[in-house]
Amino acid sequence: MIRLENATKTYKGADAPALDSVSLDIQRGEFVFLVGTSGSGKSTMLRLMLREERVDQGEVLVLGENLNQLSASKVAQFRRKLGVVFQDFRLLPNKTVYQNVAFALQVIGRPKAFIETAVPDVLELVGLSQKADRLPSALSGGEQQRVAIARALVNRPEVLLADEPTGNLDPATSNEIMTLLDRINLSGTTVVMATHDRGIVDRMQKRVVEIKAGHIIRDAKTASYREIPSDSMPIIPDSPADIDFGGQA
Amino acid sequence: MKLGFILSEMWAGIRSNISMIVSIILVSFVSLTFVAVTLLLQLQVGEMKTYWYDRAQVAIYLCSDYSPEEACPAGGATDAQKAAIEEQLAGETLTPYVDTYYFENQDAAYEKFVEQFADSQAAQYITADQLNEAFWVNLKDPTQSELILESFSGLDGVEEIKDQRSYLDEIFNFLNAGSLLAAGVASVMLLSATLLIATTIRLSAHSRRREISIMRLVGASRFSIQLPFVLEGLLAAVLGALLATSVTVAITHYFVTGYLAKQLAFTSFFTVADSLMITPYLLGIGATLAIISSSVSIHRYLKA
């Protein structure tokens with residue numbers, strides 16, 4: 001589903017590569033944490049998967065596309081199959097919750113009828129149906145991030161990339177977001193999330209890819225942020241199983 | 001992307017950028033008005049050329065007693081010389097080219113002179129015998145005055161051959177210079193309009209960079225991201241072109257047709273129909289510049 005083969009990326013003017021011959025394979029339906037300190041290369045990896053950046057050497061394959069060979073005109077089509085969430089939410093302040101989510105469909109020319117069913121569905125999924133007419137400024141940070149997640153999911157992507165989605169949120173709100181992301185993953189969407197929130201990683205017990213100075217120094221299934229025995233780790237909070245994620249409908 | 005959505009995006013851009021949009025409208029209005037003036041002056045020159053060139057005559061001035069020595073060493077033209085010239089004009093060689101001709105004696109020339117220079121003091125000092133007798137020739141094709149020149153220059157009794165078109169050319173050169181001047185101003189103004197559009201669109205893109213980044217992330221095509229911005233520049237330039245057209249038509253109607261044409265009844269001027277005819281050109285120039293400059297500008301912005 002996502003594969004990096006000896007991917008090397010050096011930014012202009014940088015002494016050392018941001019990613020140095022990194023290989024990684026992510027299967028359909030996986031939930032993967034990319035962990036590491038700031039500047040370790042987590043975000044670069046996400047940007048490569050999103051084709052925001054291109055590798056200098058090696059290959060990046062996402063959803064069957066070799067991103068090195070993807071022509072500029074195909075990039076837009078490719079990105080429609082991905083959803084992205086950021087630390088700073090990136091909502092449009094002058095549009096309501098509903099309009100923010102609908103915007104993602106309008107700009108890719110989805111028909112009105114589709115928008116009118118998909119947007120309420122996804123707002124229901126993230127639990128914001130009641131606040132569809134609010135402006136982002138009238139929402140809490142957690143709610144704003146849920147709008148951003150709704151926008152990322154509304155076109156039913158196969159992959160959700162999240163760059164520090166809880167970085168601006170308090171622990172309780174972060175948990176809510178993680179519960180939501182887990183639910184989305186359980187419904188079949190592959191989730192790749194960069195974070196340095198130790199508590200979250202330890203609690204979720206998912207695959208952890210640790211990056212340091214551009215190298216993968218650890219890749220472990222169902223692991224914690226640091227290598228400590230996982231037996232004693234608490235299990236993630238219950239997620240309501242009765243809400244089906246629209247992406248599989 | 002759906003049309004309604006694109007238009008609403010464009011409208012949002014215009015609202016957030018209204019003073020710049022107004023300046024684009026004004027600059028394209030002024031520059032395209034100069035374009036219109038250039039085109040209409042050219043049209044005027046063309047129209048006057050067809051009108052006057054057809055009426056332009058070639059004059060064969062005969063020697064008088066006052067003629068300069070080098071042209072007329074033998075003094076005034078004799079009757080025999082006049083007869084020879086007339087014979088040649090009516091002869092087989094020139095008949096196919098000559099439409100009509102007539103002889104003007106010194107009295108007739110004096111009468112015409114007095115009429116033409118009624119306001120000038122010159123009329124008081126000139127007497128009939130100082131003026132040349134002349135054959136006035138209307139050619140079937142006024143551009144073939146060379147023929148007359150070749151046939152008669154150097155002939156005994158001929159002082160000078162003058163094509164009236166050479167006087168007209170001076171007037172047309174003057175009008176052409178005016179039209180060139182307008183074209184110069186138009187190009188400078190069009191250049192500033194183009195740069196202004198490019199700057200405005202870049203500002204507009206900058207103020208909506210968040211929208212643009214989201215559009216790119218969710219997979220909007222480059223074309224659909226650019227379109228609202230290009231339309232924004234296009235709309236402003238087209239409004240400018242329409243303003244320029246209205247002003248041009250108004251000037252033509254009230255000043256040219258309503259005033260000049262009445263004052264100078266013998267000259268034909270361009271009409272409101274003519275100034276309406278150039279509307280497509282104004283719209284075309286405005287639209288092309290707007291599309292090119294805003295596309296280039298937004299393209300570079302998206303690259304950066």
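Predicted model: local features only at pLDDT ≥ 70, side-chain atom pairs only at ≥ 80, totals over all residues.
**Exercise 1. Find which residues of helix α6 of chain B are buried, and explain why they line one face of the helix.**

Step 1: Go to residues 145-152 of chain B, the stretch that forms helix α6.

Step 2: Look down the axis of α6(B): the buried residues fall within an arc of 60 degrees, so they line one face of the helix. As a reminder, an α-helix has 3.6 residues a turn, so residues three or four places apart point the same way.

Step 3: Now see what that face meets. The buried residues of α6(B) pack against the strands β1 (58-62), β2 (98-104), β3 (134-139) and β4 (158-163) of chain B, and also against α3 (79-90).

Step 4: Finish just past the helix, where Gly154(B) has a positive phi of about 85 degrees.

**Exercise 2. Work out the strand order of the four-stranded open sheet in chain B, and name its edge strands.**

Step 1: Trace the sheet from one side to the other. The order is β2-β3-β1-β4 in chain B, with antiparallel pairing.

Step 2: Pick out the strands that pair on one side only; these edge strands are β2 and β4 of chain B.

Step 3: Check the angles. On average, neighbouring strands of this sheet are turned by 15 degrees against each other, direction ignored.

Step 4: Zoom in on one pair. β1(B) and β4(B) run antiparallel and are joined by five bridges. Ile60(B) has Ile161(B) as its bridge partner in β4(B).

**Exercise 3. Describe the interface between chain A and chain B.**

Step 1: Count the residues in contact: 22 from chain A and 15 from chain B.

Step 2: Give the area. About 1600 Å² is buried between the two chains, and carbon and sulfur atoms give 62% of this.

Step 3: Name the chief contributors in chain A. Arg79(A), Phe103(A) and Val107(A) lose the most area to chain B, together 31% of what that side buries.

Key
Residues numbered from 1 in each chain as written. Chains lettered and ligands numbered in written order. Heavy atoms only, no water. Buried < 20%, exposed > 50% of the residue type's maximum accessible area, 1.4 Å probe, protein only. Helix = DSSP H or I, 4+ residues; strand = E, 2+ residues; numbered from the N terminus. Arc of directions from axis to C-beta. Contact = heavy atoms within 4.5 Å. Pairing = 2+ DSSP bridges. Axes fitted to C-alpha atoms, helices over the stretch in contact; angles between N-to-C directions. Buried area = accessible area lost by both parts, 1.4 Å probe.
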